[in-house]
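Me: I would like to work through a structure feature by feature. Please give the general idea each time, then the case at hand.

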Amino acid sequence: MKIGVFVCHCGSNIAGTVDVASVAEQARNLPNVAFSTDTMYTCSEPGQDEIVQAIKEHGLDGVVVASCTPRMHEPTFRKTVERAGLNRYMFEMANIREHVSWIGKDKEANTRKALDLVSMAVAKLANDRVLTPSKFDINKRVLVIGGGVAGIQAALDCADGGLEVVLVEKTSTIGGKMAKLDKTFPTIDCSSCILGPKMVDVAQHPNITLYACSEVGDISGYVGNFNVSITKKATYVDWDACTGCGQCTEKCPSKKATDHFNEEIGTTTAINIPFPQAIPKKASIDPEFCIKLTKGKCGVCEKVCPTQAIRYDQQDEKVEEAVGAIIVATGYDLFDWTRYGEYGGGRYPDVITSLQYERLLSASGPTGGHVTRPSDGKEPETVVFIQCVGSRDKSVDRPYCSGFCCMYTAKQAILTKDHMPESQSYVFYMDIRAPGKMYDEFTRRAMEEYGTKYIRGRVAMIYPKGDKYVVRGSDTLLGTQVEVEADLVVLAVGAEAAKGAPQLAEKLRISYDSYGFYMESHIKLRPVETNTAGVYLAGSCQGPKDIPASVAQGSAAASKVQNLFSRDQLESDPQISQVDIKRCIGCGKCIQTCPFGAIEEMDFRGATKAHVIETVCQGCGICTSTCPQGAIQLQHFTDNQILAEVNALCQPTTILNYE
Amino acid sequence: MSADNNTELRIVGFLCNWCSYGGADTAGVGRFQQPTDLRIIRVPCSGRIDPLFVLKSLVNGADGVLVSGCHPRDCHYSEGNFYARRRLEMLKRFLPILGIDERRFEYTWVSASEGQKWKTVVQTFTEHIHELGPAPKLDASLLKKAEALNLTQAA
Ligand SMILES: Cc1cc2nc3c(=O)[nH]c(=O)nc-3n(C[C@H](O)[C@H](O)[C@H](O)COP(=O)(O)OP(=O)(O)OC[C@H]3O[C@@H](n4cnc5c(N)ncnc54)[C@H](O)[C@@H]3O)c2cc1C
Ligand code: SF4
Ligand code: SF4
């Protein structure tokens, strides 16, 4: 084997503290080295040309470049050797800048160390094998999980770009939290007026298949070719026949069903359509409250339905979909504030959540947009808002900031004044975080134009007094205790990961943080990718996000999918594991340890053997260090390759005999 | 800080590509000066590190071996470092049985952004190995015998 070694000066970056010429010269004595030289800037065009030249001139089989970190220029030089007709895996790097010249000033020691690193690279290269990526077709359909504003944006962007989209939403309508909001900061435009048309677009788009009341089951496959099973929950209504006329909901005698859409302010009928603008606008029966389904009597809806759409015997249905990419947009849920005993723990009817308050403010809400107290229906005069309930509080294991509560509290204070000009609002806050465009101005308007009284401090307790509530807290700016008598208390509850988020992550094989929020591939540079190829994130499933940020991420995720699908075929990374069938004893240890489910059992002439699914393997090599037989080897990081490096460093032949 | 040819010891590092190797790069970019004894071998994941690599190094003349991966829960491959932790902890307990001083082997977690921490880790570990001094080298004749034994077994 003929190896060429190129030792880079990197200007004075390396040459300043490493004798590069001497390293190049000594490298010539290493086994297999046929050529070596030192170059000024190896990565520059003339530097790369020199490598190409040398490969051709000296008939080199592989190249070692001793320069900077492979995390930076490995792809660059791989392309270079490929230009000269070599396989791109017949290349190794020795990091003599970040790991040598930049961290030590002793030129002699550095030179010695640099030579060691070169000899390790040479030793590994002598064991390198030609690897060729295989190509496979992409299924250009995309699955979007979650129909909040982020998922809607992603679905529409993909569909408008000509892709077929499958949108799966858990509840009976898309829209997510935004559909429940009255108006939105910082412009106070009506939430359903801006979201509604987008929801209609989803319903009417020829490229979008919407599964509402549905959940994702098993997911198998890999980037370009996922198979997804989807469970359509029984709604007891044939949605093909249902026109959403609403006659059933008018006649249904069971009127005490939980009103999920209105955040349990008031109740609804057992058969219901969550709200007038729901998409799809179809009725569904809540089996818990349906008299027919619980007691076998009633059947009113069946009688009144003009299209005979009611199916009391409907069962869950499974469908299979094949897609090439997945966008996860499952959003967030609200922190369970009843853990705060000092705020009544849920016992006081007029201490409500911010999202419940949105429903009270909304013209399409349970009170028609007239703000009233849940306890006695009276209009409140004094409204107290408490921020950071379940945010930035280690005592309830929620140390993070939910990001949007400062803003929506200011919004709700403004809307309160709009609805009830005689009212007075108070806001207890820790800090005001309003870094977005026009955000700080917005919170100032709440204080200055709308006369909201902002008190900096935590609320220690709330207790009832007559038909009012005393909110007692500290004012840390004045250093005093304050008490406000409130008619209504609104808690700015923090955001937490959507229910079931970790379980979904396991199915998708993506990571989540200790709070259940999904982890992006790189916090700065790969914010919508995950570490599972072909799976992307959008919206607040990744961490609390307001609407503009959720929409931006929805579009970003869609553009990543478009980018992925811009090719017809994908190349798989050949740095994956391979099983030596002769050595494999079929013990299955690798199957158990592989975090990606990339290894399956295979029958080979009646014997069980392990088999790596090329496109699923991520190349971690966990299996390789697990296999008791050395049968499964991670290509480019095989036992032999790593041990060659070890041997280059620690040679038993040099062992001193102290006899 | 630097050692001349006589005092430098042989320290081998096995670092995962995503976190610790990146952390060592970060230390370099930050010009955080470190002792020169350490030589780093890059592997994709700490879960790829076979305890055998550590053993081979120590048996064949390394004075110290340092393994570093991503912090638990931050593994690029989701759980590789959990496997690593279990294996390496076992190895640590096993070393004395082989007559190897377990203090010559250490594992730690350093992220790609923790350049300063990496410098401290290298400094502390190198000092620690220097305190222990050069590892007692195996008798070459013994090693030859072992090798011969190995060969007869393989044949
Ligand atoms: C009280 C309040 C007021 C707010 N006011 C504003 C405002 O004025 N302006 C602003 O910019 N932001 C506001 N926000 C923030 C806003 O709600 C979020 O930015 C936005 O809803 C995030 O959208 P999303 O699509 O990421 O998540 P979500 O809206 O939570 O949507 C997620 C969707 O996914 C579905 N889903 C969850 N899990 C699954 C699953 N396993 N399978 C299938 N589907 C699933 C859910 O049912 C839901 O439909 C407010 C938040 C609150 C709490
Ligand atoms: S661990 Fe090794 S021997 Fe066991 S099934 Fe996997 S490849 Fe085969
Ligand atoms: S290298 Fe990692 S991902 Fe690939 S088969 Fe082995 S354990 Fe699974």
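**Salt bridges, disulfides and ligand shells**

Reply: Over all chains, the structure holds 43 salt bridges. Keep in mind that this is a predicted model.

Me: What is the general idea behind such a pair, and which residue does Asp116(A) meet in a salt bridge?

Reply: Side chains of opposite charge can pair when their charged atoms come close. Here the side chain of Asp116(A) meets that of Arg39(B), with 2.7 Å from N to O.

Me: Are Asp116(A) and Arg39(B) buried or exposed?

Reply: The cut-off for buried is under 20% relative accessible area. Asp116(A) has 15% and counts as buried. Arg39(B) has 1% and is buried too.

Me: Which residues are linked with Asp116(A) and Arg39(B) in a network of salt bridges?

Reply: The network links Glu108(A), Arg112(A), Asp116(A), Glu8(B), Arg10(B) and Arg39(B).

Me: What does the salt bridge of Arg311(A) and Asp238(A) tie together?

Reply: The closest N and O atoms of Arg311(A) and Asp238(A) are 3.2 Å apart. Arg311(A) sits in the loop between α11 (300-304) and β17 (317-323) of chain A, and Asp238(A) in the loop between β12 (225-232) and α9 (247-251) of chain A, so the pair ties together parts 73 residues apart in sequence. Arg311(A) is partly exposed, at 31% relative accessible area.

Another salt bridge pairs Glu449(A) with Arg445(A), at 3.8 Å from N to O. Glu449(A) counts as exposed at 57% relative accessibility, while Arg445(A) counts as partly exposed at 31%.

Me: Next, disulfides. How many does a search of the whole structure find?

Reply: A disulfide is a covalent bond between the sulfur atoms of two cysteines. The search finds two over all chains.

One is formed by Cys190(A) and Cys193(A), with sulfur atoms 2.2 Å apart. The torsion about their S-S bond is about 85°, so this disulfide is right-handed. Cys193(A) counts as exposed, at 52% relative accessibility.

Me: Where in chain B do Cys19(B) and Cys70(B) lie?

Reply: Cys19(B) and Cys70(B) form a disulfide with their sulfur atoms 2.2 Å apart. The S-S torsion is about 95°, so the Cys19(B) and Cys70(B) disulfide is right-handed. Cys19(B) is in the loop between β1 (11-16) and α1 (20-29) of chain B, and Cys70(B) in the loop between β3 (64-69) and α3 (80-94) of chain B, so the bond ties together parts 51 residues apart in sequence. Cys19(B) is buried at 10% relative accessibility, and Cys70(B) is buried at 4%.

By contrast, Cys252(A) is in no disulfide; the nearest cysteine sulfur, that of Cys298(A), is 6.3 Å away. Cys252(A) counts as buried, at 8% relative accessibility.

Me: Last, the ligands. Which residues surround ligand 3?

Reply: A shell is read first as a list, then by class. Around ligand 3 are Ser577(A), Cys594(A), Phe596(A), Ala598(A), Ile599(A), Cys617(A), Gln618(A), Gly619(A), Cys620(A), Gly621(A) and Cys623(A). By class, this shell has seven nonpolar, four polar and no charged residues. Cys617(A) is buried, with a relative accessible area of 15%.

Me: How many nonpolar, polar and charged residues does the shell around ligand 2 have?

Reply: The shell around ligand 2 has eight nonpolar, three polar and one charged residues. Among them are Cys584(A), Cys587(A), Lys589(A), Cys590(A) and Cys627(A).

Notes: Residues are numbered from 1 along each chain as its sequence is written. Chains are lettered from A and ligands numbered from 1 in the order in which they are written. This is a predicted model: local features need pLDDT of at least 70, side-chain atom pairs count only at pLDDT 80 or more; totals for chains, interfaces and linings use all residues. Side-chain values use heavy atoms; hydrogens and water are left out. A residue is near a molecule or strand if one of its heavy atoms lies within 4 Å of it. Ala, Val, Leu, Ile, Met, Phe, Trp, Tyr, Cys and Pro count as nonpolar, Asp, Glu, Lys and Arg as charged, and the others, Gly among them, as polar. A disulfide is a pair of cysteine sulfur atoms within 2.5 Å. Buried means under 20% relative accessible area, exposed over 50%, partly exposed in between (1.4 Å probe, protein chains only). Helices (H or I, at least four residues) and strands (E, at least two) are DSSP runs, numbered from the N terminus. A salt bridge is a side-chain nitrogen of Lys or Arg within 4 Å of a carboxyl oxygen of Asp or Glu.
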